Amino acid sequence: MFPERIQIKLFITEEINLADLVSVFHGWIQQNELDGLVLDVADYRHVPNGPGLLLMGHEGDYALDLADGRPGVTYKHKRDWPAGADTVAARLGVALARVRRAAELLKRDTGINVDPARLEIRIADRLAVPNTAESFEAIQQIVLNDPQDVFGPISAVRNVAGDDPRNALTIEVEIAPVPV
Amino acid sequence: MTITTWKDQLQTAIEPSLAEEIDLFENQLELKKQGKLTDQVFGETRLRRGAYGQRYDNGQRHDGIESRTLPFPSDGLTKGAETVWDAPGMQRIKIPYGGLNPEQLEAMAQLAEEYSDNILHITTRQDIQLHFIHLEDTPDLMRRLGAVGITTREACGNSVRNICGCPLAGVCRTEAFDITPYADAMTWFLMGHDDVQDFGRKFKIAFSGCADEACGLVRFHDLGYVAKTEIVDGEIKRFFDVYVGGGLGTVPHQAKVLAEMVPEAEILPQAQAVSRVFARLGEKKNRNRARLKFLVAKLGLEEFQRLVEEERKILPHDDRWTSFLQDVPEQTEVALKPPTFLNGAPLPEGFNDWYATNVYHQRQEGYTTITIKLPLGDISSDQAYALADIAREYVGESLRATVEQNLVLRWVSEKDLPAVFSALDRWGLADPGAEKVTDITSCPGTDTCKLGIASSRGLSAELRDRLIEKNGSLDPAIQDLKVKVSGCFNSCGQHHVADIGFFGNSRRRENRAVPHFQVVLGGKWKDNGGAYGLAIGAVPSRNIPAVFDTITETYAADRTAEETFHDWIGRYGKKEVRTLIQPFMDVPSYAEKPEYFSDWGDPREFTMSDMGIGECAGEIVSLFEIEVARAEGEAFDALIDLDEGRFVEAEAGAYKAMILAARALIRNQYIDIGDDPDRIVAEFKSRFFDTKLFFDRFAKGKFGRYLFSRHAEAPEKIDEEVARRRIEEANLFIEAAHACDAKIAAEAGSGGIPNLLA
Ligand code: HEM
Ligand code: SF4
């Protein structure tokens, strides 16, 4: 149960126009703004509810993704994890830090906000983590334990991939608002 | 939980010989890492398994400000010449005749999700491609494909590529018979066959059920089959007309008839004989003359036919030549549902438009084949899962990829059409207008292809959006046009057979590169790609939508009833069309309109440097641009001569255009060159050819040799084909002169001496 590929998505609830983001993404490459080696922009704006606009990288890919009709900023780590990322919890922490960095940049450059109350974890590694109740249970425990306290106060964890074995395990995490 | 690998997990699911091949490939990866294989050997091994290079895999990318080295962790390790190990690549997956089932579609969707970018890309030869793949993921990817009966073997490299076939085979109203079992038998017979391992270049085969439609595109394949029947002794017998030596690429060739009415039992041995002749006599050193079309042209058709017949006689017998015939059933697929007609049931919104363009009534009453129109050939993993479910529910097995980069569902009972429409629509898969003007074909271009010059996908997306916006108001004649775009002269987007085709190139203005497209008009899609269009002029990318509107609106207004675009171009005349596009050919200054200096969908300032050609810098006073305009004018006049049947003049004009383009380059360095062709050719050779300055990074000296061989010897007999080819050559020579000029300017700017090895 040790996945190589982990994706985290932060949802966007406001209207967005991906056309405006093409130059923003190129700018992030030019200014070397993101963690990891980012290579190029892949543009799938024409695909309905598709992967949207991607920043393809070596270790991982960033995207403004439109999957399920729910736009969001995603980061998918896929290889060459940083030193020390040798537990699932640590890997979730790496992915979350990177997607949060992308969300900050998005806010800075476009004013677009992400929804602080939820995130989605998708593990597209069917060998290590098939979409089974057992896998869900194991990942849920890791998230709830949150040893490094990366998620904040979790109010719910749900399996949103259904029980279709061809899907990647997908978990939605709800985060309680932090009282001020 | 036990740690496992895909290799362990799928051990029993993969056919043993395939599993062994993949294990071997994985070992070769390991050997390469240990430095025990050369780049050359490993590169070809990788290509033969469909693992292709991708743009920026030399580790350089221009980010819009400067060309930067991408700091891959590879540490000097390469997977081919100038190809960094860790750089992502493209995996081509062979889908014979485009046929696939839901399980295979799902498997590829999972692979796209795990190893790629969530997209399956359908190609113009019915393959499926995944992009941004890491080489070390490919063995597992191949195993997971193997487990659902797919191999990537010989998907690239100098081998027999995917065999194309009509997506309507077996259900078509105009076919002689279903070509599927023949294309299938040919695929498995030739795959890995000893006689196809020593080709100098790739080899492409296609099957078509009839001669008049376009589905198989037989006439631009190395080897093509058109189904025929004849009654012999009161029984219907099956035959094929066999074509050889066709091909698109830089200079397109129409295939010639190798033999008519070849009995079904003869096609495999005959293909084997052709393969042997090609392997033995085909060019091996010069890649640019290595396709079968050059061998057929060199030997002459009759000699080639004779050699094939001789070879056929001495082939040792092989049972597989005919054993597949025992299993050729009348109908290869069985419908899941009974054929029931649409019976006045309420129709969902949008259904009628979709029904008018995306539904084909099969030969079998009550059944339809529906086309799922995919923008730029792309379908997401989520859409692919949904489509697999829809296929299972309504048709069972039967999906096919098409050469127009779509997917079709066959055997849909008419009664189910509204339900299928709604199910597809839910996933954004019920876009109307299949195979119409909004269904633009495009090669990958600068998005991922290393050879791309301009953004074919960017332009296609732009044209598509604009056309969809006004689709309701478009003249029906415009709605029927075929539009195809390639990112460079290699014509992977098949622009030669479009009504309106474009291929990417570049021009200079104020010492900056400006993306352009050549406008190619009058190709013919029907008759299996029956005629090739010709280039009219290069237009800045930004002006292509306006050029498109001007040409199509003039066509709609001027055409006579029933006149096709191909016929109209013939009547209206290329000279007049050139006049139409002339006002769009100029590039405004950078200060005035900087957007002309970037490409569609890519805000970075345009550059050719990602292709390996130097970027323009410092000032250089150039006579070239003025002089080369004369060459372009001459080439265009030759086109008019060709159009009007003056073949000798057309051929001579094209030759003169090459001389003038060579002269334009020379004049920059040697103003007093004069007009003597011998002298021009000699100076051109020593200054630009022998120094390799004129060389294209990939085509090498090919374009220069067009001039030398024509200069050395004028053809004895000049017919339309010779003249047409010379004009194509002249256009490419002029393109190469532009590229050469840009390269020299860049090198002058960088202050260095010319790079003689570029
Ligand atoms: C990695 C990027 C690619 C490279 C380097 C490449 C290279 C080439 C070259 C050099 C030619 C001309 C060869 C000749 O006819 O002698 C060619 C032709 C062609 N390629 Fe590609 N290609 C690439 C991608 C593609 C893709 C993605 C497709 C779609 C399947 C494709 C389909 C074709 C087709 C249909 C032709 C026309 C040639 C014919 O059939 O005779 N290519 N390609
Ligand atoms: S036409 Fe040119 S740019 Fe397009 S895929 Fe072929 S080689 Fe690449």
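Reply: The iron atom of ligand 1 has a single donor from the protein, B:Cys492 (SG), 2.3 Å away; donors here are N, O and S atoms within 2.8 Å of the metal (3.2 Å for Na, K and Ca), and since water is not among the atoms, sites may look incomplete. B:Cys492 sits in the loop between strand S21 (483-486) and strand S22 (500-509) of chain B, with helices (H or I, at least four residues) and strands (E, at least two) taken as DSSP runs numbered from the N terminus.

Before going on, keep in mind that this is a predicted model, where local features need pLDDT of at least 70 and side-chain atom pairs count only at pLDDT 80 or more, while totals for chains, interfaces and linings use all residues. Residues are numbered from 1 along each chain as its sequence is written, chains are lettered from A and ligands numbered from 1 in the order in which they are written, and side-chain values use heavy atoms, with hydrogens and water left out.

Now to the interface. Chain A puts 37 residues into the contact and chain B 48, contact meaning heavy atoms within 4.5 Å. Together the two chains bury about 3500 Å², with 54% of that on carbon and sulfur atoms; buried area is the accessible area (1.4 Å probe) that two parts lose on being put together, summed over both.

What about charges? Eight salt bridges cross between chain A and chain B, each a side-chain nitrogen of Lys or Arg within 4 Å of a carboxyl oxygen of Asp or Glu. In one salt bridge, B:Glu114 pairs with A:Arg126, and their closest N and O atoms are 2.9 Å apart.

On chain A's side, the elements giving two or more residues are helix H1 (21-30), strand S2 (38-44) and strand S3 (52-57). S2(A) gives the most, with six residues. By type, that side of chain A divides into 17 nonpolar, eight polar and 12 charged residues; Ala, Val, Leu, Ile, Met, Phe, Trp, Tyr, Cys and Pro count as nonpolar, Asp, Glu, Lys and Arg as charged, and the others, Gly among them, as polar.

Another salt bridge joins B:Asp137 to A:Arg79, with the closest N and O atoms 3.2 Å apart. This pair runs from the loop between strand S9 (128-133) and helix H5 (138-146) of chain B to the loop between strand S5 (72-77) and helix H2 (88-110) of chain A.
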